[in-house]
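Have the model open while you read.

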Amino acid sequence: MGEISIVHGIIKVEDLDLYEKTVESMEIDENYPWIRPEMLNLCGDERPYYYESPIATFGATYKNLVGGTSWSEFILKFEYFLSKIKFDFARIRLETEFMGDYEFFWGGKRGVDNEFYAGKDLIEQDRWYFGYGVRNMFGGLNEQEPKLPFDFQYPIEFDSKILEEFSFILPELNQLELKTKTFFENETRAKVLGNGNFHLILTYLKINKIIRFGWESEKGLFIERLKEIKMPDKKLKLH
């Protein structure tokens with residue numbers, strides 16, 4: 001048994017054609033917590049049924065998605081999607097059975113001197129401004145004490161100890177045959193790579209099209225190397 005988590009939100013889309021092409025070209029995600037094309041609606045483009053910009057909506061239910069590394073992975077995947085489209089702002093709400101509800105906000109950068117979302121108690125990143133807590137469409141905070149899910153911080157970073165352990169495995173991973181599934185029958189290796197903190201690294205490498213990974217019944221964990229695996233920086237950067 002587990003507990004249900006609900007994730008839903010909106011994206012104020014600036015380039016509808018680009019958004020639709022991005023959704024339609026998404027690869028099927030089979031790694032929890034998945035973000036799949038059927039979660040995202042394709043905006044209507046007929047005027048006058050939207051004003052200024054259309055809104056894309058999305059949502060899904062998950063088992064035990066309440067924080068920690070799994071939520072970091074979800075945010076990493078969502079930000080990868082945002083990096084492929086042009087948007088004004090995006091908002092996510094995470095609702096859990098017992099751990100509370102949380103909101104997250106992204107205000108897109110416009111590439112001008114006076115950025116609209118700057119100076120609104122938001123964290124500046126390369127492509128957007130990020131904030132948590134209940135916020136209005138302009139990025140302003142509407143609650144006194146916003147909160148984050150347990151064991152989650154932003155910007156997302158890799159754990160230093162996990163990175164150090166990964167560095168010892170890296171030469172072995174780069175010996176894997178290209179574009180071939182390798183199953184890790186060795187219990188120690190499978191346990192290390194299947195560890196939740198390592199899972200964030202694997203997700204990062206998959207997003208950047210360096211590996212594929214997953215689990216198959218009776219065979220266990222597999223990794224498919226697509227190119228040379230390089231040691232990631234502590235701070236995650238989307239390519």
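Helices (H or I, at least four residues) and strands (E, at least two) are DSSP runs, numbered from the N terminus. What you're looking at is a predicted model, where local features need pLDDT of at least 70 and side-chain atom pairs count only at pLDDT 80 or more, while totals for chains, interfaces and linings use all residues. Residues are numbered from 1 along each chain as its sequence is written, and side-chain values use heavy atoms, with hydrogens and water left out.

**The pocket**

The largest pocket holds about 710 Å³ of space. A pocket here is an open set of points on a 1 Å grid over the protein atoms alone, where a 1.4 Å probe fits, with protein on both sides within 12 Å along at least five of seven lines; lining residues have an atom within 4 Å of a point. Grid points are joined across faces, edges and corners, and the volume is the space filled by probe spheres set on them. The lining has 25 residues, with Glu27, Ile28, Asp29, Lys206 and Lys209 nearest the centre. β8 gives the most, six residues; α2, α5 (196–207) and β8 (211–216) each supply at least two.

**The sheet**

Six strands make an open, antiparallel sheet, ordered β2-β1-β3-β4-β6-β5. Two strands pair if DSSP finds at least two bridges between them. At the edges, pairing on one side only, sit β2 (55–63) and β5 (123–124). β6 has β4 and β5 as partners:

| Strand paired with β6 | Bridges |
|---|---|
| β4 (residues 101–108) | five bridges |
| β5 | two bridges |

Over on β5, Glu124 has Tyr129 of β6 as its bridge partner, and a hairpin of three residues joins the two strands. β6 is largely enclosed by the rest of the structure because four of its five residues are buried, buried being under 20% relative accessible area with a 1.4 Å probe, protein chains only.

**The cores**

A nonpolar core is a set of buried Ala, Val, Leu, Ile, Met, Phe, Trp, Tyr and Cys residues joined through side-chain atoms within 4.5 Å. The largest has 60 residues, and Ile11, Trp71, Phe74, Phe78 and Trp106 touch the most other members. α2 brings the largest share of this core, eight residues. Another core, of five residues, lies apart from it and includes Phe89, Phe105, Tyr117 and Tyr129.

Note on methods. Buried < 20%, exposed > 50% of the residue type's maximum accessible area, 1.4 Å probe, protein only.
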